[in-house]
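Welcome, and please have a look at the model below before reading on. The notes after it are meant to be read side by side with the structure.

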Amino acid sequence: MKYNYKDLGLSNTKEMLNKANREGYAVPAFNFNNLEQLQAIIEACVEMGAPVILQVSPGARNYIGKDMIPWMAKAATSYVAASGSDIPVALHLDHGPSFEIAEDCILNSGFSSVMIDASKYDYDENVALSKKVAEFAHKYDVTVEAELGVLAGIEDEVSAEEHIFTKPEEVEDFVAKTGVDSLAIAIGTSHGAYKFKPGDDPHIRLDILKKIEEKIPGFPIVLHGSSSIPQQYVKMINENGGVIEDALGIPDDQLNLASKSAVAKINVDSDGRLAFTAGVRKAFADNPGEFDPRKYLGKGKEFMKKYYKEKIVDVYGAEGAYKKGTERK
Ligand code: G3H
Ligand code: 13P
Ligand code: ZN
């Protein structure tokens, strides 16, 4: 084993998710691909006293390079400690596509948590693969998320026209047979910036969520595809040379209701990308001669951090769950 996540100052998600369920909030699970996004996320969470799950998709793993990932995570936990904060930080493989990649992340890159996304397979294959990953990961005290149901849109290189909502009657059996630590469900969320069309009634199926909760009381539930697609950033992008049309997301108030239930982890990536892009486009529009990456990426980071701080309150209700850090710049 190359790295033990505990030596990197990371935590698995077990107690993070259980505490969130006990106290009626959800843990922010934010994706990152570069230093500035990581800074935005960790600074926002330290300043809000919110726990954080740093998510790396297979695409992000390729982009960052698997040997750099543990050190980016270590940089984040060092920042937390230096800030005098005690927020727990998890490093999580998002949409893990195979046993082999989950195994590599655990053994060689210091991941404290992995998702095995076998939702594209039939039920029995999903159970078998999720169980195999859970049994392996648990030997290293690494937590595992699996998924039942299929989100509409593009998910793990599979494109589904329609949502295949999670069937409440399957969840108890799935959780018992696989031994996973948390379960991602499909209740109408979807990945990316185009979740609804103009004229739709943007909503998630809180009724299905309630039925699922009744079947597995207290078990940590995960929502993917939960960006709200803040219109102020879409507008700013379009005003500064971008073209993003008819992008609509999940209303904050619905996600906030979910965070008070057994939903213990809510995944957001697109919102951060939009805020970051709005900042970068504005920096270039304000100063077309700029060519110092610290200036334009710095503006992207500033926008993303500000937005995530607001979201921690409006959606997750996770502010002050841990000791607040100092307002470090
Ligand atoms: O769920 C998917 C995440 O938004 C990651 O997206 O595959 O473009 O890194 P990505
Ligand atoms: P969004 O595209 O809605 O941000 O979803 C991100 C996600 O689910 C990452 O796993
Ligand atoms: Zn996802």
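The largest nonpolar core has 105 residues, and F32, L54, L91, V114 and L183 have the most contacts inside it. Such a core is a set of buried Ala, Val, Leu, Ile, Met, Phe, Trp, Tyr and Cys residues joined through side-chain atoms within 4.5 Å; buried means under 20% relative accessible area, exposed over 50%, partly exposed in between (1.4 Å probe, protein chains only).

This is a predicted model, in which local features need pLDDT of at least 70 and side-chain atom pairs count only at pLDDT 80 or more, while totals for chains, interfaces and linings use all residues. Residues are numbered from 1 along each chain as its sequence is written, chains are lettered from A and ligands numbered from 1 in the order in which they are written, and side-chain values use heavy atoms, with hydrogens and water left out.

Now to the ligand. Around ligand 1 you will find N31, S57, D94, H95, H191, D269 and R273, each with a heavy atom within 4 Å of it.

| Residue | Distance to an oxygen atom of ligand 1 |
|---|---|
| H95 | 3.2 Å |
| D269 | 2.7 Å |
| R273 | 3.0 Å |

The protein covers 66% of the 310 Å² of accessible area that ligand 1 has on its own (Shrake-Rupley method, 1.4 Å probe).

Finally, S130 sits in helix α6, residues 123–139 (a DSSP run of H or I, at least four residues, numbered from the N terminus). S130 counts as buried because its relative accessibility is 0%.

Note on methods: Polar contact = N/O pair within 3.5 Å; in protein donor to acceptor, adjacent residues only side chain to side chain. Helix = DSSP H or I, 4+ residues; strand = E, 2+ residues; numbered from the N terminus.
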